Amino acid sequence: MSTTVENLLDDPSLGLSVAAGSAGLWRRVLTPELNRPCLELTGYFDAFRAERIQVFGKGEVTYIQAHEQDAPMTGHLARILAGDVPCAIVTNGLAPPRLLEAQAEVAGIPVLSCLHSTTKLYKRLWEHLDAEFAPETSVHGVLMDIHDIGVLLLGDSAVGKSECALELIRRGFHLIADDMVTIKCLADSQLLGRATDLLPYHMEARGIGIIDICRLFGAAAVRPDKRITLAITLVDWDQTANYDRTGLDEKRLEILDVAIHHVTIPVRPGRNVGTLVEVAALNHKLKHLGIHTARLMEEELLERMGRSGCTLP
């Protein structure tokens with residue numbers, strides 16, 4: 001996975017502009033990690049990470065300006081702006097030192113200017129690059145936004161995932177992706193789902209064919225992406241299966257090494273699956289507010305049994 005320096009210029013939140021070395025905008029960014037070359041400016045290169053974007057803050061710029069006439073500084077900058085270094089960024093709206101610009105032009109490595117403080121740039125650039133380099137996978141399912149909860153509907157083909165999603169869309173909830181959901185893991189802890197680039201917001205309804213949700217129900221019926229916090233697997237009803245009836249036995253599903261809450265809902269004629277999925281999302285939201293109905297009921301039962309002198313077998 002990689003991106004280019006030129007792609008960084010397309011993100012308005014970064015506020016970057018080219019100060020020198022525009023011939024190297026094609027250079028690849030191979031890692032989301034950043035480097036401030038403080039020690040390198042003094043000549044210490046034992047731990048230098050040449051594959052990272054080099055960020056020059058107020059301290060680095062001031063140090064370069066104070067030593068521009070020193071012969072070693074030219075050599076240090078030449079070593080910093082060499083090899084696999086994708087680019088250098090000067091923050092705080094400062095003008096890049098002339099010596100830095102000159103070495104960048106020689107090496108063909110872009111020097112970018114940024115109005116943001118170094119801290120703010122670090123945060124925004126990390127968020128941008130983390131999304132670019134985040135681990136990614138695809139799963140067969142439907143992703144919905146239900147009461148602001150990202151719900152991933154899973155299950156075998158023809159179990160009724162798309163039909164359930166259509167019922168929820170008619171109630172005013174939002175479709176993110178149908179059939180194939182692309183999922184990225186951000187910051188090693190958050191799962192962000194979106195549709196594939198091929199025909200987003202389309203859905204296959206058996207007996208009807210391919211339908212365009214955005215045109216049928218309006219732009220308000222779709223969302224570009226959503227953080228996934230709940231997975232619901234729809235399964236055909238099995239009389240011999242032991243389904244959870246209390247909600248005390250909480251399950252987890254791991255996607256890209258991130259565990260999210262997982263609920264299994266059996267499907268059979270007469271069950272309103274759309275309502276059950278909506279209630280599951282609401283119940284999940286209630287738990288986030290600190291209200292776990294099943295546990296509260298268990299605590300109440302145990303308290304009453306204790307008052308009456310009853311004990312568990």
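Is glutamate 136 buried, partly exposed or exposed, and what is its relative accessible area? Glutamate 136 is partly exposed, with a relative accessible area of 44%; buried stands for under 20%, exposed for over 50%, and partly exposed for what lies in between (1.4 Å probe, protein chains only).

The model is predicted: local features need pLDDT of at least 70, side-chain atom pairs count only at pLDDT 80 or more, and totals for chains, interfaces and linings use all residues. Residues are numbered from 1 along each chain as its sequence is written, and side-chain values use heavy atoms, with hydrogens and water left out.

**Overall form**

The chain has ten helices and 16 strands, taken as DSSP runs numbered from the N terminus (helices H or I, at least four residues; strands E, at least two). Its radius of gyration is 27 Å, well over the 20 Å of the globule rule for 313 residues, so the chain is more spread out than a compact globule. That radius is taken over C-alpha atoms, and the rule is 2.2 Å times the number of residues to the power 0.38. Of the 313 residues, 43% are buried.

**Salt bridges**

There are 17 salt bridges in the structure, each being a side-chain nitrogen of Lys or Arg within 4 Å of a carboxyl oxygen of Asp or Glu.

| Pair | N to O distance |
|---|---|
| Glutamate 33 and arginine 52 | 3.0 Å |
| Lysine 287 and glutamate 250 | 3.1 Å |

Lysine 287 belongs to helix H9 and glutamate 250 to the loop between strands S14 (225–236) and S15 (251–255), so this pair ties together parts 37 residues apart in sequence. Lysine 287 is partly exposed at 28%, and glutamate 250 is partly exposed at 29%.

**Aromatic rings**

Two aromatic pairs are counted. Phenylalanine 45 and phenylalanine 48 are edge-to-face, at 5.6 Å centre to centre and 85° between the planes. Tryptophan 237 and tyrosine 243 have ring centres 5.7 Å apart and planes at 55°, so that pair is tilted. Rings of Phe, Tyr and Trp (its six-membered ring) pair with centres within 6.5 Å; planes under 30 degrees apart are stacked, over 60 edge-to-face, and the rest tilted.

Arginine 79 lies over the face of phenylalanine 45, 4.0 Å from the ring centre. A charge sits over a ring if NZ of Lys or CZ of Arg is within 6 Å of the ring centre and within 35 degrees of the ring normal.
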